[in-house]
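Student: I would like to learn how to read a structure feature by feature. Can we take one idea at a time, each with its case?

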Amino acid sequence: MATTQRDYYEILGLPRTASEAEIKKAFRRLARELHPDVSTAPDAQERFKEVAEAYEVLSKSETRELYDRYGHAGLRSGGFTPSQFDLGNLADIFSAFFGDDLFGGPSRGRGRTRGADVAAEVQIGLVEAASGTTRDVPVQVSVSCDRCGGSGAEPGTSPITCPTCEGSGYVQQVSRSAFGQFVRTQACGRCGGAGRIVEDPCRRCSGSGRVVEERSLQVEIPPGIHDGQRIRLTGEGHAGSLGGRAGDLFVLVRVAPDSRFVREGDDIFSTVDLTITQAALGTEVTIPTLQGDESLRFDPGTQPGEIRVLRGRGMPVLQGFGRGDHRVLVNVAVPRRLSDEQRTLLEEFDRRATDENYREDEGFFEKLKSVFR
């Protein structure tokens, strides 16, 4: 797709309040004008890609809502990467919505079709999502038959042109009525729309030109990816029929929860437990971060509920720059069971804390009084 950052509504010539029907109508009109098979303009191909990209975003409620709220940056952070699409993919989208008669008639050789897409799923940890990683993904896909080279014909033979449709894949039926002449076009029944006939099918693929095999594909997972996003590997899906272009592989990435952290956007949250003594006297403790354990110093009189912010220690921004923050919430652990000696010491401390010369700003200890009363 085109990498332009023009407004999608402007590309289609529509207001932001346009309905789904209006979006589809505008796309159909512009595509008729700009498709490289029709237009002779030197920039027709790029403009067609631009229009198709705009339609792909605005025709789907989830991507349109994301674009309306956050623009192009929101689409990128949501995993939409139009640069991975090529003109062949656009033709498939185009045909799926409007049929083969969009440009005035059927195409020849309907038997050569694009292969189906394949879906797979991988699971990674939060730390792996922060640094990026790779996974070997096993998939079962149909590939071009190496015995016949994808032709479907036994080696030494070749498919012949269908004599019924003369290779077009279609036949026309003409009928007349009081209202005039009607022409009906349909797939050729003899060749099934392929435009050719395999008289001696390949013994390995039975004439389909494809066989199924298991592959292991290495998938690169970018840093900052979110749970539920998909990665597209172009051309790694099922092989097309009779030499048609292969489909794509879509890998769904699941990011497993980490008991140490909570992720919100690109920020990371965690807690640290301090004892009453540590909070009162100050201490240095080791806390886990996405980059490994780190020592963190707490001053005397640290209060429960305080938040320490580690700037730039959160998740990296997907397909962008910078990182989120890591926020550490302080939790002061109050003992549930006390020995007689401990209770006596705390009561003595409480009495001293109420002395008129005691500092007013020691609110932490005032809170302790209500706990033990």
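Tutor: Start with a charge and a ring. A charge sits over a ring if NZ of Lys or CZ of Arg is within 6 Å of the ring centre and within 35 degrees of the ring normal. Here the charged end of R308 sits over the ring of F298, 5.2 Å from the ring centre. A caution on the source: this is a predicted model, where local features need pLDDT of at least 70, side-chain atom pairs count only at pLDDT 80 or more, and totals for chains, interfaces and linings use all residues. Residues are numbered from 1 along each chain as its sequence is written, and side-chain values use heavy atoms, with hydrogens and water left out.

Student: How many helices and strands does the protein chain have?

Tutor: Both are DSSP runs, numbered from the N terminus: helices are H or I with at least four residues, strands are E with at least two. The protein chain has nine helices and 15 strands.

Student: What share of the residues is buried?

Tutor: Buried means under 20% relative accessible area, exposed over 50%, and partly exposed in between, with a 1.4 Å probe and protein chains only. Of the 373 residues in the protein chain, 38% are buried. For area, the Shrake-Rupley method is used with a 1.4 Å probe, and for residues only the protein chains shown count as cover. The protein chain exposes about 21,300 Å², with 47% of it supplied by carbon and sulfur atoms.

Student: What share of the contacts joins residues 24 or more positions apart?

Tutor: A contact means heavy atoms within 4.5 Å. Among contacts in the protein chain with a separation of 6 or more, 65% are between residues 24 or more positions apart.

Student: How do I read an aromatic pair?

Tutor: A pair of aromatic rings is described by the distance of the centres and the angle of the planes. Rings of Phe, Tyr and Trp (its six-membered ring) pair if their centres lie within 6.5 Å; planes under 30 degrees apart count as stacked, over 60 as edge-to-face and the rest as tilted. The count here is three aromatic pairs. Take Y9 and Y67: their ring centres are 6.2 Å apart and the planes stand at 35 degrees, so the pair is tilted. Y9 lies in helix 1 (residues 8-12) and Y67 in helix 4 (residues 61-77), so this pair ties together parts 58 residues apart in sequence. Y9 and Y67 are both buried.

Student: How are the planes of F27 and Y55 arranged?

Tutor: F27 and Y55 are stacked, at 4.1 Å centre to centre with 10 degrees between the planes. F27 belongs to helix 2 (residues 20-34) and Y55 to helix 3 (residues 44-58), so the pair ties together parts 28 residues apart in sequence. Both F27 and Y55 are buried. There is a cluster as well: ring pairs link Y8, Y9 and Y67.

Student: Which way do the side chains of strand 12 point?

Tutor: They alternate along strand 12 (residues 283-289). T283, V285, I287 and T289 point to one face and are buried.

Student: In which sense do strand 12 and strand 13 pair?

Tutor: Two strands pair if DSSP finds at least two bridges between them. Strand 12 and strand 13 (residues 292-298) pair in the antiparallel sense, over seven bridges. They form a hairpin with two residues between them. In strand 13, D293 is the bridge partner of P288.

Student: How many disulfides are there?

Tutor: A disulfide is a pair of cysteine sulfur atoms within 2.5 Å. A search of the whole structure finds zero. C148 is in no disulfide, and the nearest cysteine sulfur, that of C205, is 3.7 Å away. C148 counts as buried, at 12% relative accessibility. For C191, the closest cysteine sulfur is in C165, at 3.7 Å, too far for a bond.

Student: Where does D299 lie, and what does it touch?

Tutor: D299 lies in the loop between strand 13 and strand 14 (307-310). At 53% relative accessibility, D299 counts as exposed. Leaving out residues up to four places away in sequence, D299 touches A279 and G282.

Student: Which backbone angle stands out in E166?

Tutor: E166 has a positive phi of about 60 degrees although it is not a glycine. E166 lies in the loop between strand 3 (160-161) and strand 4 (170-177). E166 is exposed, with a relative accessible area of 62%.
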